[in-house]
There are 2 protein chains.
Amino acid sequence: MAISKNRIKYIHSLELKKKRKEENVFLAEGPKLVEDLLGHFDCRFLMGTREWLASQKNLTDIQDITEVTEEELARASLQKTPQQVLAVFEQLQYMTDPKIVEHSLCLALDDVQDPGNLGTIVRLADWFGIEDIFCSPNTADIYNPKAIQATMGGIARVRVHYTDLPELIRSLNGVPVYGTFLDGKNIYEQPLSEHGLIIMGNEGKGIGRDVEQLVNRKLYIPNYPVSRETSESLNVAIATAVVCAEFRRQAAWR
Amino acid sequence: MAISKNRIKYIHSLELKKKRKEENVFLAEGPKLVEDLLGHFDCRFLMGTREWLASQKNLTDIQDITEVTEEELARASLQKTPQQVLAVFEQLQYMTDPKIVEHSLCLALDDVQDPGNLGTIVRLADWFGIEDIFCSPNTADIYNPKAIQATMGGIARVRVHYTDLPELIRSLNGVPVYGTFLDGKNIYEQPLSEHGLIIMGNEGKGIGRDVEQLVNRKLYIPNYPVSRETSESLNVAIATAVVCAEFRRQAAWR
């Protein structure tokens, strides 16, 4: 069964946040990612090659499945090299309960702009056992196709919330709120908690002033050798990884 | 003075590796990056807005400077949001001396494919004081515009060599050769050296067999909680950052 032009148009329209919101859906491509998402998100429709469909056992819940040729998939796909399967899933919205932060380690993103960075952060949060990420309303949309692809399936295990960060932080009771700053304290010389909030800022501007005022543990990732002339910063996903790794090292391996 | 159509065509042609090689040049855009590169690379030509040009003091060595309007810059630029200046620089090739690896910590990349990942790795290498990166011939081209932009100027301080990795490693004498593997040893429980080679592999396939055989210190970045179900891997730039940060922590802060 061929894919209709309307369906191809619909898939391509999901590059737009407005359209994704209206429809409450998002697009995912490739066998690894789609297989990770099945069972976590409701699938509105799916198209796969004969080989991929034959390899799957648990597609009975999906009402709308189309078998496609590689050529048809390529016309529908947003990827340079389309891979076997493409699916449209329903978005999930989460209730933001500040209590989560009192009992586990969470991330907060203050206006991270690049969807690739956001997706990469979700992927590494998954690796480091961080299950909740709180994003400021101006942070990139996690349901952007580039963000979804970069999560590599992490989005099935990490909850991404959108919420007002100052309001969230003010509602926390005696919880450590960490952030990285040029005038912060060497992360390797600070005791790091197993719960609380780690705030990461925008690619260009870092953490905004309104949020900075609410940080009670300022950290710094030292460069090496210390005080050498270098680029002034790390990419936000890279800095997030170094910070999360150090939190987990202190919890499990110190 | 307007920019000629030929020049715009020339700039756009530098997206192609073949063209960059023929001309032995590369493109860089934006004030932060261009200012970092001036003085490290010979500039073949540069075009900047009136404001940017007025803000610069050391452009006297550059023979070919064009003042452009924002609109003209936008036509020449490969960036979504062109920023004030664009320049074409001459590539540098480095002599690969294995002795470097005996005296300092270096990275080796075995077929890292994505230019963005490569550029991000150069940027973080700069932060962590790693001055030499050895790339397999099939690794992405560091002079790809996406790679150059992602270095954020790190390319002015980090030497990127292209060389046969097995040959390089065989020429090393008693130097630790590290790599990350799923069956490696917990990086936080291993003493890490201040010199030697850290090998990072391809995004999909990891480190190739021929190189794996030559690794004498297999490492593993533990996830958290240990053995939890997660995505199976970290992005290669993320893993590189976590590894480099731990090497430097052990050297300076343990």
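Reply:
**A buried glutamine and the paired charges**

Gln149(A) counts as buried, because its relative accessibility is 19%; buried means under 20% relative accessible area, exposed over 50% and partly exposed in between, with a 1.4 Å probe and protein chains only. The model is predicted, so local features need pLDDT of at least 70 and side-chain atom pairs count only at pLDDT 80 or more, whereas totals for chains, interfaces and linings use all residues. Residues are numbered from 1 along each chain as its sequence is written, chains are lettered from A and ligands numbered from 1 in the order in which they are written, and side-chain values use heavy atoms, with hydrogens and water left out.

Gln149(A) belongs to helix 8 (residues 145-151) of chain A; helices (H or I, at least four residues) and strands (E, at least two) are DSSP runs numbered from the N terminus. Leaving aside residues up to four places away in sequence, Gln149(A) touches Ala28(A), Glu29(A), Leu33(A) and Gln79(A), where contact means heavy atoms within 4.5 Å.

Chain A as a whole has eleven helices and ten strands. Of its 254 residues, 57% count as buried. Among contacts with a separation of 6 or more, 76% join residues 24 or more positions apart. Along the principal axes, the C-alpha atoms of chain A fill a box of roughly 60 × 40 × 35 Å.

The charged side chains come next. Over all chains, the structure holds 24 salt bridges, each being a side-chain nitrogen of Lys or Arg within 4 Å of a carboxyl oxygen of Asp or Glu. Side chains of opposite charge can pair when their charged atoms come close.

In chain B, Arg157(B) forms a salt bridge with Asp126(B), their closest N and O atoms being 3.0 Å apart. This pair links distant parts of the chain, 31 residues apart: Arg157(B) lies in the loop between helix 8 (145-151) and strand 7 (159-162) of chain B, and Asp126(B) in helix 7 (residues 115-127) of chain B. Arg157(B) counts as buried at 16% relative accessibility, and Asp126(B) counts as buried at 1%.

Lys32(B) and Asp36(B) meet in a salt bridge of 2.8 Å, N to O. Because they are four residues apart in helix 3 (residues 31-37) of chain B, about one helical turn separates Lys32(B) and Asp36(B). An α-helix has 3.6 residues a turn, so residues three or four places apart point the same way. Lys32(B) is partly exposed, with a relative accessible area of 28%, whereas Asp36(B) is buried, with 18%.

Another pair is Arg249(B) and Glu246(B), whose closest N and O atoms are 2.8 Å apart in their salt bridge. Both lie in helix 11 (residues 236-252) of chain B, three residues apart, about one turn of the helix. Arg249(B) and Glu246(B) are both buried. In chain A, salt bridges that share partners join Lys32(A), Asp36(A), Asp126(A) and Arg157(A) into one network.
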